[in-house]
Amino acid sequence: MSAGNRTLEQIIGELEFDPQMLKQKYERERDKRLVGEGQGQYAPATDGKFAQFGRDPWTRSDFNRAPMMGHTEVIIAGGGFGGLLMGARLHEMGVADIRVIDEAGDFGGTWYWNRYPGAMCDIEAHIYMPLLEETGHAPRHRYAYWDEMLELSQKIGRLHGLYDKACFQTVITATRWLEEERRWLVETDRGDRLTATYLVLACGRQSLPKLPAIAGIDKFEGHAFHSSRWDYEYTGGQGDGKLTKLKDKRVAIIGTGATAIQIVPEVAKWAKQLDVFQRTPSHVGIRGQRPTAPDYADMSKPGWQKERRENFQRLISALPQEVDLVADGWTDSLKRLRPAYTANELGDLLGRPATSEERDLVAEISDYRVMNSLRSRIAEIVKDAATAESLKPWYRWRCKRPCFHDDYLAAFNSPNVRLVDTQGRGVEAFSSHGIVVDEVEYPIDCVIFATGFEAGISYVRLTGFDVVGRGGGTLSEHWSNGVRSLHGLMTDGFPNLFMIGGNQHSVAAVNAVHLLDEQASHVAHIVGQVRQRNGTLVEPTAGSVDAYTDLIRNAPTNGVLMRFFAACTPGYYNGEGKAASAADLFAGNRYGDGPMAFYEMLARWRQAQSLDGLSIG
Ligand code: NDP
């Protein structure tokens, strides 16, 4: 039989499960998890008893310096991978007068703050770690740990002279465009009044730790900290990961997201008792972590990292590729989710155009198969049947951040580790010395909140300052009816301002550093072109911003994504079960044709060298 004569039933193959029953199970599990408050169920980790939660455990707090004045060509807000890439790409363009400002005590961003035991990147190091080719750094593990990430950050800082004018332990409090001077004024909590020709916001996306607003949380008298501010003084193990001080401690971890997955196996090794409080299980595939032998990847050919990143991105976007260079859980799962799943491929198999219902059905069946295999993996690893059953996730693969780990599931076989399944309701209450679920009190000495970070919030909430542009208009007013941008990087009325990171009007890239590098290279190109034209001012025209904003808002994929996420179990991907409210984050407001198309569109724009849509002065 030729491919073009196949029926839908033949393409799907024999079903070893009942899709209707699975669908109903997913719906029941999702409904169990729906809470009315949405984002309101969380409290910022800055209030009352938890006011110290956000403090910096890694750098001395008694640091003091005199307020500074002065001008640099560029100020970059944020010294994480986004800010470092921005500094590096500008430096390569000949711009050396750069000041990076960050609340942290060093470069590193996410990897400066998140130093919990076992913290590693869940994307392959060779495509995630920035500027490997330029720094000559060869990753030590397939998935790099936080300390190597910090080491590379410092290397980049040194290589590009970014330490010279960096202001660490400094929080920006206000930014304002000075019309006459044609420059930005940046004020800080240290009394600085700094100016810059260009201002780049590289402030990340999810950096504000959040806590569940659980009854009695203030009354808990035991020890507590958030995963992103690990308390090694309490646990022991700073530097060697040996959490020896937990040997006589009953520890609770609240949360089972991507962070907790990495922490649980480490704490399990040391704590007297570990109780893991689960609301929704993550799905956890094979990680395949290992040290990288010198021949792990061919890093010799110029452009190898870009090629490897693009190969990964194409594969996970269901675009044809002859080889799979990364070949890990991401590409494997997405290959299995892919079959026929572009309209053309399914049409070729059927011998006629496929309907959208047929495509949805084929995609749904593949998803059940992938999730079934992940559920079987749990049953194979976890010995206690009831625990294994509780760890099974009942939602589609893309509904939550996919997780991969080699030791998480096996940790539940340790006699000192117990899963407390809250049946989708979450922790009920705290007592003075424990946690209450289903009216049972679990005595606890130390609680580790692996409860994530504020997501889908406004730029002002994220950064703590508004941006005042031409004529005194603020960015929050300018965006009060939704984000307006050209390429997600600039907006009208805010000359010489660039915003990198985040998802607004760009893409939700699995490999966030790939996106950051594309954005940083694009901004550096614009600054280089403006300099070449002897300009000092660049701003998108209102017309170009309108056109790009329309393109984003009218992308046909928005509705598809919104429907997909609305059916998902709640989480930050869908505004905690309110998909429409997450429109600015994941379920819309993105470049409809996906990451590779976005990067290619930016590259074509640069190649044209016409600075289309920008006015230069
Ligand atoms: P998440 O928001 O993903 O997870 C928070 C966890 O806390 C969830 O399991 C959530 O349950 C749980 N939770 C919240 N409230 C309660 C409650 N009242 N009772 C019980 N449980 C509760 O945060 P993470 O820190 O895990 O991840 C944050 C981000 O960082 C993600 O984007 C993640 O992908 C990323 N990350 C990336 C890594 C990388 O390697 N690149 C590594 C680690 C994290 P529920 O699911 O029910 O809401």
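Reply: Leaving out residues up to four places away in sequence, valine 267 touches Trp230, Leu243, Leu246, Val251, Ile253, Leu274 and Ile448. The model is a predicted one. Within the largest nonpolar core, which has 132 residues, Trp230 and Val267 are the residues with the most contacts. Helix α18 (residues 512–532) supplies the largest share of this core, nine residues. Another core lies apart from it and has 24 residues, including Ile172, Ala196, Tyr459 and Leu537.

The helix to look at here is α9, residues 258–268, which lies across β9 (250–254), β10, β13 and β17 (446–449). Relative to β9, helix α9 runs at about 170°. The strands belong to an open sheet of five, ordered β8-β17-β9-β10-β13, with parallel pairing. At the edges are β8 (223–226) and β13 (417–421), each of which pairs on one side only. Neighbouring strands in this sheet are turned against each other by 20° on average, with direction ignored. In general, strands of a sheet pair through backbone hydrogen bonds, in either a parallel or an antiparallel sense. Here, β10 (residues 273–278) and β13 pair in the parallel sense over five bridges. Valine 420 in β13 is the bridge partner of phenylalanine 277. As for cysteines in this part of the chain, cysteine 446 counts as buried because its relative accessibility is 0%.

From the sheet, the next stop is the stretch between α14 and β12. Lysine 392 is placed in the loop between α14 (385–390) and β12 (403–404). Is lysine 392 buried or exposed? Lysine 392 counts as buried because its relative accessibility is 16%, and the cut-off for buried is under 20%. The side chain of lysine 392 makes a polar contact of 3.0 Å with that of glutamate 389. Beyond four places in sequence, lysine 392 touches Pro281, Arg375, Ile378 and Ala379.

Strand β12 holds phenylalanine 404. With a relative accessibility of 6%, phenylalanine 404 also counts as buried. Its contacts, neighbours within four places in sequence aside, are Val284, Gly285, Ile286, Arg287, Gly329, Trp330, Ser333 and Trp397. One of these, Gly329, is 75 residues away along the chain, yet the C-alpha atoms of phenylalanine 404 and glycine 329 are separated by 7.2 Å.

How many disulfides does a search of the whole structure find? One is found, formed by cysteine 399 and cysteine 568 with their sulfur atoms 2.0 Å apart. The link of cysteine 399 and cysteine 568 is left-handed, with -70° about the S-S bond. Cysteine 167, by contrast, is in no disulfide, and the nearest cysteine sulfur, that of cysteine 203, is 14 Å away.

Note on methods
Residues are numbered from 1 along each chain as its sequence is written. This is a predicted model: local features need pLDDT of at least 70, side-chain atom pairs count only at pLDDT 80 or more; totals for chains, interfaces and linings use all residues. Side-chain values use heavy atoms; hydrogens and water are left out. Two strands pair if DSSP finds at least two bridges between them. Helices (H or I, at least four residues) and strands (E, at least two) are DSSP runs, numbered from the N terminus. Axes are lines fitted to C-alpha atoms, for helices over the stretch in contact, and angles run from 0 to 180 degrees between N-to-C directions. Contact means heavy atoms within 4.5 Å. Buried means under 20% relative accessible area, exposed over 50%, partly exposed in between (1.4 Å probe, protein chains only). A polar contact is a pair of N or O atoms within 3.5 Å; within protein, one must be able to donate a hydrogen and the other to accept it, and residues adjacent in sequence count only if both atoms are side-chain atoms. A nonpolar core is a set of buried Ala, Val, Leu, Ile, Met, Phe, Trp, Tyr and Cys residues joined through side-chain atoms within 4.5 Å. A disulfide is a pair of cysteine sulfur atoms within 2.5 Å.
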